[in-house]
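Here is a short briefing to read alongside the model. Please keep the sequence and the 3D view open as you go through it.

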Amino acid sequence: MDSRSETRPPAGDLSGPEAKILTSLAELKALGLHPAGKQQLGLMAGYTNVRSGGFSEPLGRLVSAGYVVSPRTGVVAITETGLAAVGPVEPPETSVELQDR
């Protein structure tokens, strides 16, 4: 098991994919979509396949580290620890801005 799953790493220790997923989840919360479906999160973070290891592995590490919880199958929510790690976010203000990401 990855040692990062045993302790909570400081936010600076997040990988690029972990940071992108966590930031996207914070943006979804700011948009009022909390908890969010994994499909919503994957699309917001730029993934086309949420079953791929490229998405599921960093998401799993975020869950193990306490930044994200999964209240039920297919749904994820950012924790207070996750919000603190991300800091303030500015969600897209328009659908065009969202699509441009």
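## Overview

The protein chain has 5 helices and 3 strands, where helices (H or I, at least four residues) and strands (E, at least two) are DSSP runs, numbered from the N terminus. Read from the N terminus on, its elements follow the order α-β-α-α-β-β-α-α. This is a predicted model, in which local features need pLDDT of at least 70 and side-chain atom pairs count only at pLDDT 80 or more, while totals for chains, interfaces and linings use all residues. Residues are numbered from 1 along each chain as its sequence is written, and side-chain values use heavy atoms, with hydrogens and water left out.

**The chain as a whole**

- Of the 101 residues in the protein chain, 33% count as buried; buried means under 20% relative accessible area, exposed means over 50%, and partly exposed lies in between (1.4 Å probe, protein chains only).
- Taking contacts between residues at least 6 apart in sequence, 56% join residues at least 24 apart, a contact being heavy atoms within 4.5 Å.

**Helix 1 and its surroundings**

- Helix 1 covers residues 16–30, and its 15 residues reach 21 Å from the first C-alpha to the last, close to the 21 Å expected at 1.5 Å a residue; the expected span is 1.5 Å times one less than the number of residues.
- Which residues of helix 1 are buried? They are Glu18, Ile21, Leu22, Ser24, Leu25, Ala26, Glu27 and Leu28.
- These buried residues pack against strand 1 (36–37), helix 2 (38–45), helix 3 (53–64), strand 2 (68–72), strand 3 (75–78) and helix 4 (80–86).
- After helix 1 comes Gly32, which has a positive phi, near 90°.

- Two packed helices are described by the angle between their axes and the distance between the axes.
- The axes of helix 1 and helix 2 come within 9 Å and cross at roughly 115°; axes are lines fitted to C-alpha atoms, for helices over the stretch in contact, and angles run from 0 to 180 degrees between N-to-C directions.
- Helix 1 and helix 2 are therefore roughly perpendicular to each other, on a scale where angles under 35 degrees count as roughly parallel, over 145 as roughly antiparallel, 65 to 115 as roughly perpendicular and the rest as oblique.
- On the helix 1 side, the contact is made by Lys20, Ile21, Ser24, Leu25, Glu27 and Leu28, and on the helix 2 side by Gln40, Leu41, Met44 and Ala45.
- For helix 1 and helix 3, the axes come within 9 Å and cross at roughly 75°.
- That makes helix 1 roughly perpendicular to helix 3.
- Here Pro17, Glu18, Ile21 and Leu22 in helix 1 meet Phe55, Pro58, Leu59, Arg61 and Leu62 in helix 3.

- The 3 strands form an open sheet in the order 1-3-2, with antiparallel pairing; two strands pair if DSSP finds at least two bridges between them.
- Strand 1 and strand 2 stand at the edges with a single partner strand each, so one side of each is left without a neighbour in the sheet.
- Strand 1 is joined to strand 3 by 2 bridges, and Ala36 stands opposite Val76 in strand 3.
- Strand 2 is joined to strand 3 by 3 bridges; Val68 stands opposite Ile78, and Val69 stands opposite Ala77.
- The hairpin of strand 2 and strand 3 has 2 residues between the strands, and Gly74 takes a positive phi near 80° there.
- In a regular strand the side chains alternate between the two faces of the sheet.
- From strand 3, Val75 and Ala77 point one way and Val76 and Ile78 the other way, and all are buried.
- Helix 1 lies across strand 1, strand 2 and strand 3, running at about 90° to strand 3.

**Two residues to look up**

- Gly54 is found in helix 3 and is partly exposed, with a relative accessible area of 43%.
- Gly54 and Pro17 are 37 residues apart in sequence and 7.9 Å apart in space, C-alpha to C-alpha.
- Leaving aside neighbours within four places in sequence, Val86 is in contact with Leu22, Thr23, Ala26 and Ile78.
- Val86 and Ser24 are 62 residues apart along the chain, and their C-alpha atoms are separated by 9.6 Å.
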